[in-house]
Amino acid sequence: MLMRTDPFRDLDRSTQQVFGTQARPVAMPMDAWREGDEFVVEFDLPGIDPDSLDVDIERNVVTVRASRPGIDSGRSMIAAERVRGVFRRQVMLGDSLDTDHIRADYRDGVLRLRIPVADKAKPRKISVDRVDNDRQAITA
């Protein structure tokens, strides 16, 4: 049987596994949305040991680091598409968020960050003082 070969197919496949594609990022897919007075950010991290998770914030940049152990050398792998080793992702936050009160939890392979909106960024009413203008005639 004659098979057509493409010498760049394996290189392209390897590159997509390491770096992902725009349609399918590999390391840490993320969703973010606003829920009332909070922003919620979720990262898909299946198979991560919670003790390997590290979430840091410096100024307005949140850095999430995680690691997945390497493949057991005794296994005869048929497919190995999940990222192994240490990887990280950074998210820039706006000035309108309260970075001093971020909460994080990890459940069912999802890391969830809850970031409250800063009080200074919340809508508020401004009271208007009434000033009566007394008109006086100017005499010369």
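## Pairing of β2 and β7

Strand β2 (residues 38-44) and strand β7 (residues 110-116) run antiparallel and are joined by 7 bridges. The model is predicted: local features need pLDDT of at least 70, side-chain atom pairs count only at pLDDT 80 or more, and totals for chains, interfaces and linings use all residues. Residues are numbered from 1 along each chain as its sequence is written, and side-chain values use heavy atoms, with hydrogens and water left out.

Strands are DSSP runs (E, at least two residues), numbered from the N terminus; two of them pair if DSSP finds at least two bridges between them. In β7, Pro116 stands opposite Glu38, and Val110 stands opposite Asp44.

## The sheet

The open sheet has 4 strands in the order β1-β2-β7-β6, with antiparallel pairing. β1 (30-35) and β6 (103-107) are at the edges with a single partner strand each, so one side of each has no neighbour in the sheet. On average, neighbouring strands are turned by 15° against each other, direction ignored (axes are lines fitted to C-alpha atoms).

β1 and β2 run antiparallel, joined by 6 bridges; Met30 stands opposite Phe43 in β2. Their hairpin has 2 residues between the strands, and Gly36 there takes a positive phi near 65°.

## Glu38 and burial in β2

Of the 7 residues of β2, 5 are buried (under 20% relative accessible area, 1.4 Å probe, protein chains only). Glu38, in β2, counts as buried at 16% relative accessibility.

The side chains of Glu38 and Arg114 form a polar contact of 2.9 Å (a pair of N or O atoms within 3.5 Å, one able to donate a hydrogen and the other to accept it). Leaving aside residues up to four places away in sequence, Glu38 touches Trp33, Arg103, Arg114, Ile115, Pro116 and Val117 (heavy atoms within 4.5 Å).

How values were computed. Axes fitted to C-alpha atoms, helices over the stretch in contact; angles between N-to-C directions. Buried < 20%, exposed > 50% of the residue type's maximum accessible area, 1.4 Å probe, protein only.
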